[in-house]
Amino acid sequence: MNELLWFVSRATGTASIVLLTAVLVLGALTAGRRSRAVSQTVVVGLHRSLALGTSAFLLAHIATAIVETYVSIDWISAVVPFTSGYEPLWVGLGTLAFDIVLAVVATSLPRHRLSRRVWRAVHLTAFALWPMALVHGYAMGTANEPLLRLVPVACALVGGAALVWRALAGHADQTRRRAVLTQEWS
Amino acid sequence: MSTRSRTDRPTLRVDRVACTGHGVCATLLPGSIRLDEWGYPVVLTAAEDGVDDGDEARAAAVRWCPALALYADRSS
């Protein structure tokens, strides 16, 4: 049973890294949009629903890591970083990333009741969350299974490419407004 | 007494400053919103052949707007 929990924890953790990367890519595609309205809608929709789905995988990942007794991780380590008895630094990075996920989800669900500035400030911290999760996954993937380390590396490449594209894409809305301003008014 | 009357069907309004032209509203409300040549939404009136897309679609469009720029105004 203990062994099963350990495997489930690793599997859901790896799945969370893949899903987080997908959410990041979809978020970058939303912000740096260069596509048609219909595909934009799909991208925005997927970004939000996948983010919520990722939270479910994360909860399973954390719960199984705590419940199994092979390594000592207490419930407190789920929210307070660097308190784990096992690999305090690397587990702590994951905890920190989870805290940011909680903050991002907690500000995104009641988004209509918050000011745009508050929501945006919290949402931007997600850019810190993603590398932390990758390092956490890479550092903890020490079993004789190369896939555990390959997944964070591959995700870093894909997510990194999305971030570079996002930086190069500029701000579609600003570009468009500038173009509108230069046209002649009749 | 308020000079504004509450109507059953809210009017869609776009916050022009907040709108960033993703086009999500036009996709979800094909009957009542079209995009202008720059990709910004135009809410169609009945005179402009606008068709009501229903309460559910309208609520979804308000919820899914990435810029929080679309809202349903009940006082009109």
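The contact between the chains takes 14 residues from chain A and 14 residues from chain B. Helix 2 (37-67) and helix 7 (172-182) of chain A each supply at least two residues of the side of chain A that touches chain B. This is a predicted model. Chain A has seven helices and zero strands, while chain B has two helices and four strands.

**Side of chain A that touches chain B**

- Helix 2 of chain A gives the most to this side, with six residues.
- By class, the side of chain A that touches chain B has four nonpolar, five polar and five charged residues.

**Chain A overall**

- Along the sequence, chain A follows the pattern α-α-α-α-α-α-α.
- Along the principal axes, the C-alpha atoms of chain A fill a box of roughly 75 × 35 × 25 Å.
- Chain A has 186 residues, and buried residues make up 29% of them.
- Of the contacts in chain A between residues at least 6 apart in sequence, 60% join residues at least 24 apart.

**Confidence in chain A**

- Chain A has a mean pLDDT of 90, and 99% of its residues reach 70 or more.
- Helix 5 (residues 126-140) of chain A has the highest mean pLDDT among the elements of chain A, at 95.
- Helix 7 of chain A has the lowest mean pLDDT among those elements, at 83; helix 7 of chain A is also one of the helices that supply at least two residues of the side touching chain B.
- Where pLDDT is low, the predicted coordinates should not be read in detail.

**Helix 1 against helix 5 in chain A**

- The axes of helix 1 (residues 2-31) of chain A and helix 5 of chain A are 10 Å apart, and the two helices pack at an angle of about 155°.
- Because angles over 145 degrees count as roughly antiparallel, helix 1 of chain A is roughly antiparallel to helix 5 of chain A.
- The crossing of helix 1 of chain A and helix 5 of chain A is left-handed.
- Helix 1 of chain A brings A:Gly13, A:Thr14, A:Ile17, A:Leu20 and A:Leu24 to the contact, and helix 5 of chain A brings A:Trp130, A:Ala133, A:Leu134 and A:Gly137.
- By class, the contact of helix 1 of chain A with helix 5 of chain A has six nonpolar, three polar and no charged residues.

**Helix 5 against helix 6 in chain A**

- Helix 5 of chain A and helix 6 (residues 147-169) of chain A pack at an angle of about 155°, with their axes 8 Å apart.
- That angle makes helix 5 of chain A roughly antiparallel to helix 6 of chain A.
- Helix 5 of chain A and helix 6 of chain A cross in a left-handed way.
- From helix 5 of chain A, the contact uses A:Trp130, A:Leu134, A:Gly137 and A:Tyr138. From helix 6 of chain A, the contact uses A:Arg149, A:Val151, A:Pro152, A:Cys155, A:Ala156 and A:Gly159.
- The residues of the contact of helix 5 of chain A with helix 6 of chain A divide into seven nonpolar, two polar and one charged.
- A:Trp130, A:Leu134 and A:Gly137 of helix 5 of chain A take part both in the contact with helix 1 of chain A and in the contact with helix 6 of chain A.

**Chain B overall**

- In sequence order, the elements of chain B follow the pattern β-α-β-β-α-β.
- Chain B has 76 residues, of which 28% count as buried.
- Among contacts in chain B with a separation of 6 or more, 54% are between residues 24 or more positions apart.

Definitions and conventions:
Residues numbered from 1 in each chain as written. Chains lettered and ligands numbered in written order. Predicted model: local features only at pLDDT ≥ 70, side-chain atom pairs only at ≥ 80, totals over all residues. Buried ≥ 20, exposed ≤ 12 C-beta atoms within 10 Å, placed from the backbone. Contact = placed C-beta atoms within 7 Å. Nonpolar A, V, L, I, M, F, W, Y, C, P; charged D, E, K, R; others polar. pLDDT = per-residue confidence, 0-100. Axes fitted to C-alpha atoms, helices over the stretch in contact; angles between N-to-C directions. Parallel < 35°, antiparallel > 145°, perpendicular 65-115°, else oblique. Left-handed = near helix turned anticlockwise from the far one by under 90°.
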